[in-house]
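I opened a new model today.

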Amino acid sequence: MIFTRTLDDGLASLVRAADKFVAENKAKGMTSFVVLLEEPTEANKAKLVEFAKSNNISIPLTIPAAGARGPESYGLNPRAKVTVLVARRKVVKANFALADSPTQADVEAVIKAAKEMLGD
């Protein structure tokens, strides 16, 4: 699960990597989605559609009904620009709270954690 407050190139790199990883591991039950932490307006929905289209993304992108704060039960850090939760069977195996846009090192760390999770 990728929770984001931004739609930039760093996020696009992370989401493309996640999309590829999901496609390669579909048979193992791998899934993912992206949640834009903004208000659920038509303009924000249009941003998501454009982001998915321009980055050739297949995994679902959505906006929470709870708005910019996101689901309360997830305890997301309000100062993180991007939060990635790697979970299996509703148990979080890795949590990445990024203050800035994801770097290539962040992308690699997330994919590594997802690979390790699949090995459990």
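My entries below take the helix, then the pocket.

I noted first that this is a predicted model: local features need pLDDT of at least 70, side-chain atom pairs count only at pLDDT 80 or more, and totals for chains, interfaces and linings use all residues. Residues are numbered from 1 along each chain as its sequence is written, and side-chain values use heavy atoms, with hydrogens and water left out.

**Helix H2**

I looked up H2, residues 42-54. Helices (H or I, at least four residues) and strands (E, at least two) are DSSP runs, numbered from the N terminus. At 1.5 Å a residue (times one less than the number of residues), its 13 residues should span 18 Å, and the end C-alpha atoms agree, being 18 Å apart.

Next I checked burial (under 20% relative accessible area is buried, over 50% exposed; 1.4 Å probe, protein chains only). Asn44, Leu48, Phe51 and Ala52 are buried in H2. They fall within an arc of 95° seen down the axis (directions from the axis to the C-beta atoms), so they line one face of the helix. Glu42, Ala43, Val49, Lys53 and Ser54 are exposed on the other side.

What do the buried residues of H2 pack against? I found helix H1 (9-24), strand E2 (34-36) and strand E3 (61-62), with contact meaning heavy atoms within 4.5 Å. After H2 comes asparagine 56, with a positive phi near 55°.

**Largest pocket**

I then turned to the lining of the largest pocket. H1, strand E4 (82-88) and helix H3 (104-118) each supply at least two of its residues.
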